Amino acid sequence: MFEQKRAYWRSLDNAAKLFSAASSPKDTRVFRFYCELKEEVKEEILQEALNQTIQKYPVFLSVMRKGLFWHYLEKSELRPVVREEYKEPCSSLYVRDKKTLLFEVTYYKKRINFEVFHALTDGTGAMHFLMELVKDYLQEAHPEEELPELFLDENITGRDMEEDSFSQYYSSDAPRKRESKKPAFQLKGEKLRQEDMSITEVCIPVKEIHARAKAAGVSITVFLTAALIWAIHEEVPQNQAKKPIGLMIPVNLRNYFPSRSMANFFGWIEISCYFSAETTFEDILGSVKEQFAKELSKDVIEAKLNDLVSLEKNPILRLVPLEIKTPFLLAGTTLGGRSITAIYSNVGIIRMPEEYRKYIQRFGLFASTDSLQLCSCSFGDEMVLSFSSKIPNGNIERNFVEKLKKEQVSCEIRENDFPGQKEERKAPAKLFESFTFLCI
């Protein structure tokens, strides 16, 4: 049984400190994890399911408050209310100086949406919450079925969920790794507004992408990283061809350090590739594979974690008031982003007990962005690749799909279906209509 007692307030984890300072109307730092069922969602049942789920994850019942030196999370008596989807995806959830929950559950037709401000949790935490919510919903919707519990940790406590694993595994004496990265190609031009952000979803068979990646001697994540780099490169002007394409790849640190935390606990690696007139896709695959092997070693991951947290633990920085600290945090984010062209986040395989599969069509996720981000997850034999973009055209998405097609991977483009968006905002999806039949 989940323990529900917890402190009245708690400090933000290392990543959350940055998200709380860097969120803005241009990039809300909100992401959506959703589950599409094979049946229409009923609001009253979803509300009852949410009431059950939040009892197991009370850590989410927090609001953001501004302290003298850092933001912090405060326990709240607010309770989430289910609504039919009513606004643009990944709209702002954190309103400065206002006590509001940092997540929201909505539904539309057959889809259950879980949107969350990234300062509250990361992709792993959101995935576990949504899986529990879907389980509770289907158990309520089908009481005649003896649907089993999930294989999640039933012994987890409130203290476990609130743990700041960054601080737990930080060592001031351990080696640190800080590298100066070369500036990467940046996606220039006038960006779309947050409410106009385009979302493009591409569904591919897991068996096909796995077979293609295996034939190339790489993992699925490496293969898709290389495909995205290739797709972006095709949009690089000739006068900027000497700059590398740089991708940020978030890394779940729970794979390296034991943690039950529902707070953020992730790092990232940066993959950078140069192109010449003779560069082939196989060259990019080899380079990405080599960089993954190097960057994902335990020693490198640990050194990066220590370097990241050391800034937060700096005694001088800790005593600087938040109002003075925030502009420097934003400046550091901007400088750090010079080596990044786009982001690719793969949360991996979502596993539900076999008894639930007849009710579930797919899972998917996407995130707010100030430029371009690709997120992916798989369920059963389907992998959903979701682009969120502020770039007015859909050229990179088109290049990506065409590259997969050339590599013998079937693609299905899913048309946007978000009631919070106006019809004209769905236009980017139509860019693919003329050649979708070529990919299926």
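**A buried helix, a buried glutamate and a cavity**

The model is predicted, so local features need pLDDT of at least 70 and side-chain atom pairs count only at pLDDT 80 or more, while totals for chains, interfaces and linings use all residues. Residues are numbered from 1 along each chain as its sequence is written, and side-chain values use heavy atoms, with hydrogens and water left out.

Helix H7 covers residues 220-233; a helix here is a DSSP run (H or I) of at least four residues, and a strand (E) one of at least two, numbered from the N terminus. Because 12 of its 14 residues are buried, H7 is largely enclosed by the rest of the structure.

Glu74 lies in strand E4, which spans residues 71-75. With a relative accessibility of 9%, Glu74 counts as buried. Its side chain forms a polar contact of 3.4 Å with the side chain of Lys99; such a contact is a pair of N or O atoms within 3.5 Å, where within protein one must be able to donate a hydrogen and the other to accept it, and residues adjacent in sequence count only if both atoms are side-chain atoms.

The lining of the largest cavity consists of Arg32, Glu85, Lys87, Glu104, Thr106 and Glu115. A cavity is a set of points on a 1 Å grid over the protein atoms alone where a 1.4 Å probe fits but cannot get out, and lining residues have an atom within 4 Å of a point.

Conventions. 1 Å grid on protein atoms, 1.4 Å probe; cavity = no way out; pocket = protein on both sides within 12 Å on 5 of 7 lines; lining within 4 Å. Expected span 1.5 Å × (residues − 1). Buried < 20%, exposed > 50% of the residue type's maximum accessible area, 1.4 Å probe, protein only.
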